[in-house]
Amino acid sequence: MNFMQNAPRIIANPLAAGLAPGEATTDRIAWVKLSLVILPLAAPISDAKVLTGRQKPLTEIAFLFAEIETEQGHSGIGYSYSKRAGGLGQFVHAKEIAGELVGEDPNDIARIWDKLVWAGASVGRSGLSTQAIAAFDIALWDLKAKRAKLPLAKLLGAHRDSVRCYNTSGGYLSMPIEEVKERVSMALDKGIGAIKLKVGQPDPMIDLQRIEAVRKHIGDVPLAIDANQQWDRTTALRFGRIAEQYSLTWIEEPLDAYDYEGHAALATELATPIATGEMLTSVDEHYELIRHNSVDFIQPDAPRVGGITPFLKILALADHKKLQLAPHYCMEIHLHLTAAYGREPWVEHFEWSEAMFNETLEVRNGRMIVPNRPGLGFSLSEQARAWVRNTHEVGKRP
Ligand SMILES: [Mg+2]
């Protein structure tokens with residue numbers, strides 16, 4: 001018997017055009033524009049990686065913006081980013097694959113994500129290659145929510161209309177403790193609900209003194225610390241035991257980002273919650289954290305893991321394990337995603353990116369308010385346009 005006899009007709013490329021357009025989905029992506037924007041920081045900042053000699057102080061951040069428009073005139077904007085090296089690489093990879101979007105139905109976000117991964121399959125499914133894809137993916141989610149005339153949080157299914165927020169930008173190791181205290185007060189006066197302080201410098205005693213000073217300064221306001229992966233297992237455990245007295249909301253990145261077992265042991269040993277995940281660049285890597293019971297707070301970063309599509313997969317896994325959520329950076333995006341998470345999350349507040357957008361996020365009574373604007377609710381400012389270093393366009397603007 002010939003097994004091919006009753007086989008269905010082989011379609012040349014069943015994935016080429018996605019679902020056939022129907023009454024409700026007849027739109028196509030017409031135009032894509034990429035912009036590499038270099039955001040300068042007011043002053044160079046240092047975390048523990050600088051004090052241990054692994055990195056230079058941070059002076060600027062590279063943003064990869066993707067703007068997408070459709071035949072029917074719908075539009076979306078998304079971004080990816082890189083600190084120190086990698087921003088140009090993200091831009092170049094995005095440029096190589098941008099043509100794959102033209103002619104696609106903008107609703108088929110999951111399939112477009114797969115298509116873009118396959119286009120660059122030889123450079124892998126995590127890191128720089130999928131971070132380039134993140135800019136497109138986030139723009140497509142923005143577009144979909146805008147077309148529905150809903151904030152993205154509501155399109156996803158919101159649990160709340162505001163999210164607890166904490167400030168990091170006032171707690172860097174490049175600042176003397178008096179300046180840290182000043183900035184902490186400014187953040188709290190603004191309505192921000194909690195503070196994160198950088199630690200992990202070569203002499204842990206200095207860290208402890210800084211924690212003590214800030215704890216005294218803010219009373220019982222929630223306080224977290226972040227060691228940026230600079231401790232070994234023994235130091236982290238000893239430090240964590242001494243720091244229990246400060247009732248910290250969490251200890252962030254006590255160990256190497258990929259030390260799943262080390263984090264799990266700390267989470268078991270300490271009453272203080274353990275947080276990590278910002279350096280991981282895929283769903284698979286986050287799955288390892290979750291599977292090893294490494295964290296109390298998981299800290300994914302949507303641009304870093306490849307966009308909102310993979311981020312939502314991480315949220316589903318995290319929710320299943322009853323984990324708490326405190327995403328890393330990118331408050332404009334994470335505000336919507338945290339609003340749609342089942343457990344009360346935290347969002348990280350930075351002033352750095354405010355000059356890039358026309359809109360400012362509202363903070364009140366310790367919480368960041370989900371904007372009542374369609375989509376993600378941000379647009380590029382004239383200042384951001386002035387910081388553009390490179391652009392690339394494909395398709396034809398309708
Ligand atoms: Mg951190």
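## Basis of the report

A residue is called buried when its relative accessible area is under 20%, exposed when over 50%, and partly exposed in between, with a 1.4 Å probe and protein chains only. The model is predicted: local features need pLDDT of at least 70, side-chain atom pairs count only at pLDDT 80 or more, and totals for chains, interfaces and linings use all residues. Residues are numbered from 1 along each chain as its sequence is written, and side-chain values use heavy atoms, with hydrogens and water left out.

## Aromatic pairs

Rings of Phe, Tyr and Trp (its six-membered ring) form a pair if their centres lie within 6.5 Å; planes under 30 degrees apart are stacked, over 60 edge-to-face, and the rest tilted. The structure has 19 aromatic pairs by this rule. In one of them, the ring centres of Phe63 and Tyr81 are 6.2 Å apart and the planes meet at 35 degrees, so the pair is tilted. Phe63 belongs to strand β2 (residues 58–70) and Tyr81 to strand β3 (residues 75–83), so that distant parts of the chain, 18 residues apart, are linked; strands are DSSP runs (E, at least two residues), as helices are (H or I, at least four), numbered from the N terminus.

Phe63 is buried at 0% relative accessibility, and Tyr81 is buried at 3%. Ring pairs join both residues into a cluster with others, including Tyr172, Trp352 and Phe378.

## Charges over rings

A charge sits over a ring if NZ of Lys or CZ of Arg is within 6 Å of the ring centre and within 35 degrees of the ring normal. Arg125 lies over the face of Trp118 at 5.1 Å from the ring centre, and Arg397 over that of Trp31 at 4.2 Å.
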